[in-house]
Amino acid sequence: MSHTKTNDVSIGGGKDANHVSPQEAAALHARIEASFVRQGMMKHLGARLVSVAPGEVEIALPYSERVTQQQGGYHGGATGALADIAAGYAGLTMAAEGQEVTTVEYKINFLAAFQGGELRARGRVVRAGKRLIITTAEVVHLDDDGGESPCALMQQTLATVKQTY
């Protein structure tokens, strides 16, 4: 969870928190957004970038016919893709400039099925190395009244790769 302290943005609080200036936070958001808008699948599904902080990214996916399965609930593939992207971008916030990340593997647990409202995936870095980054994502369902319910949990391994665009 990010919070503002004086004029710095930090994650996690404690002595090892990543502190960035407002200018660095804006540059980090711009970097993630520039990559996110290139995501054809996320565009097709109607996902939007909600927030970016060092080691943390949140992405929303509104309910629509593009994200449903045959019974009208959110499709597991759309839920998994949302978790993958949110955690992947959380990892990218920790990668060096000129680097991108690619998913090596992930494991997801679906906790409940939902219709309507929107899904929110909150990606977070667990550990960032030079070549591998371990992340997690929590996917929650927000109903039309603002209620929040757990939907899925994911753990992911990312590899850093050279940016090619």
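Guide: Let's settle one word before we zoom in: a residue is buried if its relative accessible area is under 20%, exposed if it is over 50%, and partly exposed in between, using a 1.4 Å probe and protein chains only. Glu56 shows how that works: its relative accessibility is 15%, so Glu56 counts as buried. What you see is a predicted model, in which local features need pLDDT of at least 70 and side-chain atom pairs count only at pLDDT 80 or more, while totals for chains, interfaces and linings use all residues. Residues are numbered from 1 along each chain as its sequence is written, and side-chain values use heavy atoms, with hydrogens and water left out.

Now a quick look at the setting. The chain has 3 helices and 8 strands; these are DSSP runs numbered from the N terminus, with helices being H or I of at least four residues and strands E of at least two. Along the sequence they come in the pattern β-β-α-α-β-β-α-β-β-β-β. Of the 165 residues in the chain, 42% are buried.

The part I'd like to show you is where helix H1 (residues 22–36) meets helix H3 (residues 76–92). Their axes come within 10 Å and cross at roughly 140°. (Axes are lines fitted to C-alpha atoms, for helices over the stretch in contact, and angles run from 0 to 180 degrees between N-to-C directions.) That angle makes H1 oblique to H3, since under 35 degrees counts as roughly parallel, over 145 as roughly antiparallel, 65 to 115 as roughly perpendicular and the rest as oblique. The crossing of H1 and H3 is right-handed; that is the name if the near helix is turned clockwise from the far one by less than a right angle, while anticlockwise is left-handed.

Who does the touching? From H1 come Arg31, Ile32, Ser35 and Phe36, and from H3 come Ile85, Tyr89 and Leu92, where contact means heavy atoms within 4.5 Å. They divide into 5 nonpolar, 1 polar and 1 charged. (Ala, Val, Leu, Ile, Met, Phe, Trp, Tyr, Cys and Pro count as nonpolar, Asp, Glu, Lys and Arg as charged, and the others, Gly among them, as polar.)

Two of those residues deserve a second look, because rings of Phe, Tyr and Trp (its six-membered ring) pair if their centres lie within 6.5 Å, with planes under 30 degrees apart called stacked, over 60 edge-to-face and the rest tilted. By this rule there are 2 aromatic pairs. In one of them, the rings of Phe36 and Tyr89 have centres 6.1 Å apart and planes at 65°, so this pair is edge-to-face. Phe36 sits in H1 and Tyr89 in H3, so the pair ties together parts 53 residues apart in sequence. Phe36 and Tyr89 are both buried.

There is also the pair of Tyr63 and Tyr74, edge-to-face, with 5.3 Å from centre to centre and 75° between the planes. Both lie in the loop between strand S4 (56–62) and H3, so this pair links parts 11 residues apart in sequence. Tyr63 is partly exposed at a relative accessible area of 31%, whereas Tyr74, at 8%, is buried.
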